[in-house]
Amino acid sequence: MISLSKTEVMHQPAPGTSAPPPNVSIEGTELKVVEQFKYLGSTISCDGSLDKEIAQRISKASQSLGRLRTRVINNKNIKLETKIKVYKAVVLTSLLYGCETWTTYRKYIKQLERFHMRSLRSIMHIKWQDRVTNLAVLDRAGLVSIETMIMKAQLRWSGHLIRMDSTRLPRQVFYGVLSQGQRNTGRPKKRYKDCIKDSLKYCGIPPAQLEAQAQNRVGWCAAVKKGCKSFEDHRRGKVAAARQRRKEAATAPPTASFPCPNCPRAAIGSKALDMAREEEDQNFVKFGLDVLTLAVLAILITAPIGALGIGLAGPRLLDRQVKGDEPEGGASTSSSDGIGQERAVTLESKL
């Protein structure tokens, strides 16, 4: 028995084709054609992308974290180690549900990493004003990055598929290839096999030894654990080195061709143009003339607009101000020469 009101149809055409959606009817009831639907908690899209699935995972994990905020996160009687364990058991399981089968691009990893770091900072009450790096946050929590977690889950799942019997459907899909068709022009889309190959390369496991090592379950788990630890250390080293380069670039003196004689900054504008002419550097002279020409054109274009606005609004504002300065009762303003001269000066200054 199936429920016709809950049954949906999703059509996934071949890449590069525009086939019409199917029309499926059961006992006179036409089934609804959708572009995505949920199956066992995962969101499957007709285009095969993970955009909706990643957004749904982040939403579910955020809801789980919100339910823990009052009773766990903001409770001062609970240790930080206990909060991190609850976070791993409740939030991370919702965030990475089904990640063993994901074909992850860099943008998906960044989205998951942002949520991971934001959640840990919220649990440990670390604000951005504290200037604590992401590596320091992970060290305090005793956790690794999301990329390492996904890599470990996919490698363990691939080893499980390899050890399956050849008649099992998951193993057949894992080893299956398309019998016909070709990829479009340009960079090909990333496949699940590409993710596994990249993970093996990052972890230092030769792809040719994948099947041989995966047959030994205990040895494979140990190799995956060691490889993921090596990858995490390498990733942290790259992040720390990039941060150090940014700090050195921010504190290093400028390497300009024409430094200002009064300060260590680079000379700009007409000063740089004069210095370029003195050194007879034609390239910088041409570049400086182009910059000054653009600046003059910008002034010439914007100045008439400002003058037009002043010409239209100026008399009205001046008239309103003059009327506000007149005394009540209609008294004459030319009672004496001194007062008249003062009023003339005031009007002239306003004009």
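By salt bridge I mean a side-chain nitrogen of Lys or Arg within 4 Å of a carboxyl oxygen of Asp or Glu.

Before going on, a word on what we are looking at. This is a predicted model, where local features need pLDDT of at least 70, side-chain atom pairs count only at pLDDT 80 or more, and totals for chains, interfaces and linings use all residues. Residues are numbered from 1 along each chain as its sequence is written, and side-chain values use heavy atoms, with hydrogens and water left out.

Back to the charges. By that rule the count comes to 8 salt bridges. One of them pairs Asp 51 with Lys 107, with the closest N and O atoms 3.7 Å apart. Asp 51 sits in helix H1 (residues 51–67) and Lys 107 in helix H4 (residues 106–123), so this pair ties together parts that are 56 residues apart in sequence. Helices here are DSSP runs of H or I with at least four residues, strands are runs of E with at least two, and both are numbered from the N terminus.

Next come Arg 106 and Glu 147, whose side chains meet in a salt bridge at 3.2 Å, N to O. Arg 106 belongs to helix H4 and Glu 147 to helix H6, so here the parts tied together are 41 residues apart in sequence. Is Glu 147 buried or exposed? Glu 147 is buried, because its relative accessible area is 14%. Arg 106, at 46%, counts as partly exposed. The cut-offs are under 20% for buried, over 50% for exposed, and partly exposed in between, using a 1.4 Å probe and protein chains only.

Now the surface. Lys 85, Lys 88, Lys 152, Arg 156, Arg 217 and Lys 225 make a positive patch. Helices H3 (80–95), H6 (146–162) and H10 (217–251) each supply at least two of its residues. Patch residues have over 30% relative accessible area and no salt bridge; like charges are joined within 9 Å, and nonpolar side chains (Val, Leu, Ile, Met, Phe, Trp, Tyr) within 5 Å. Lys and Arg count as positive and Asp and Glu as negative, with His and the chain ends not counted. Each charge is placed at NZ of Lys, CZ of Arg, CG of Asp or CD of Glu.

There is a nonpolar patch too: Leu 294, Val 296, Leu 297, Leu 300, Ile 301 and Ile 305 together have about 620 Å² of accessible area, from the Shrake-Rupley method with a 1.4 Å probe, where only the protein chains shown count as cover for residues. Val 296 is in helix H12 (residues 282–325).
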